[in-house]
Amino acid sequence: MRKLMLKFAVLLSMVMLYACHNEDMNLKVKGNGEVRLSTMKLTYNTEPLVTESRASQDAADYIVSIYKNDNTFVKEWKYSEMPEVFSLEVGKYKIQAHSPIVEGAQFDAPYCSGESEVFEIKKDVIVDAGTVECTLKSIKVTIIFSEDLKPYLGDDVKAIVKVGEETLEFTKDETRSGFFHASKEEQTAVDVTLTGTIDGDNTPLHKSYPVSEGTELKVTYNWESASTVDPGQGGSLPAAGITVKETVLELKSIEGSITPEDEEIADFGLPSIEGVGFNIKETLPSDMSEVKINLKAPDGMAHVYVTINSSNTQFVDVVKGMFGGTNSFDLAYPASEEQKNILKELGFPVGEDIIGQTGIVLFDITNFMEPLAVFPGTHTFDIEVVDKYEEKAKETLTIVK
């Protein structure tokens, strides 16, 4: 009997040990779940350095990668080629996305990247991929030669920008921005050298700027009389009358998002011209009760050029008579005090109403509609808004009588 009880006790202990071991194994759940990639969103926090539309322009070629939470690589695809759903082992993961990698410095090639929050895959459960916010990782450099300076520039003039081993050359007619890889240090040195013949002089101008990743350096070369150049206001070439203005722009928080099915996102930060209550690209009748146009230049308005034309030559003659012999003018800088007063009487924004404005400037031509309606024909207003960095927007308002 004792032997029987002992065997029973041993068997019971073995059963209990097995049960405990089995319970422990059950706590370590194995299996697969899925992540739904079709709902993944790329958002962009790149304004005002790179418009969201430009940042997302290469979205189809973005590389999307899945990593375990310990940074172990799992899988990657092009954004446009991702599967709708992907199977993963139970565990914690994150998604990284970045724009196509380019070698060296390039014009118009911003490099953006971002990472999602950590998500958990559970057995037989589908989870959404969530959102990946991309920020600019490049250093953006923009070189601007002012219109006042260009007549003095020789064909050999160029600004050479060097960041580490990367170099780009900006000619006087180059309007694109350059994008450079940032170093791993907190700040990267951007060396800018202006060379070439300027008003008969050929004295190089060099300056180095410490710039961080995800910022834009804007260097503007202006023309001034040599006697007015202040050496304390940036670099200068006294013999050639060059002054230099430097601006370093940083990101601000404006978020937009796209999914693989979305269209390109609209621009922010650049000058724009929009009809109030109407599409400015469509022809308007002359009996409109009011015609108002919103002018915008978020970086600061510098000029608003307007040219009034018509298929009716009599109307053009009347316009020229009103504005001192011309049908073209700059609302920011009227050609004369008389022209300025006439523009004001018509209700147009003039001078300080425009210069430096970063909000909406209302261009109301309602008072001009009555004299316009006297003359049959197709009348046009060519409008150009220019900001302080010489970014431009152009539209033509067409009115038919």
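**Salt bridges and a buried valine**

K78 is partly exposed, its relative accessible area being 34%. Please keep in mind that this is a predicted model. In it, 15 salt bridges are counted, and K78 takes part in one of them, with D61.

**The K78 pair**
- The closest N and O atoms of K78 and D61 lie 3.5 Å apart.
- This pair joins distant parts of the chain, 17 residues apart: K78 belongs to strand β4 (residues 73–78), while D61 sits in the loop between α2 (52–55) and β3.
- D61 is partly exposed, at 36% relative accessibility.

**Other salt bridges**
- D155 and K172 form a salt bridge whose closest N and O atoms are 3.3 Å apart.
- Here too distant parts of the chain are linked, with D155 in the loop between β12 (138–145) and β13 (158–163) and K172 in the loop between β14 (166–171) and β15 (178–181).
- D155 is exposed at 76% relative accessibility, whereas K172 is buried at 18%.
- E174 pairs with R176 in a salt bridge, with 2.9 Å between the closest N and O atoms.
- E174 is buried, with a relative accessible area of 17%, while R176 is partly exposed at 41%.
- R54, D58 and D108 are connected in a network of salt bridges.

**Around V64**
- V64 lies in strand β3 (residues 63–68) and is buried, with a relative accessible area of 0%.
- Beyond its sequence neighbours up to four places away, V64 touches several residues, including M40, W77, Y79 and I95.
- E76 is another contact of V64; their C-alpha atoms are 5.4 Å apart, although the two residues are twelve residues apart along the chain.

Notes:
Residues numbered from 1 in each chain as written. Predicted model: local features only at pLDDT ≥ 70, side-chain atom pairs only at ≥ 80, totals over all residues. Heavy atoms only, no water. Helix = DSSP H or I, 4+ residues; strand = E, 2+ residues; numbered from the N terminus. Buried < 20%, exposed > 50% of the residue type's maximum accessible area, 1.4 Å probe, protein only. Contact = heavy atoms within 4.5 Å. Salt bridge = Lys/Arg side-chain N within 4 Å of Asp/Glu carboxyl O.
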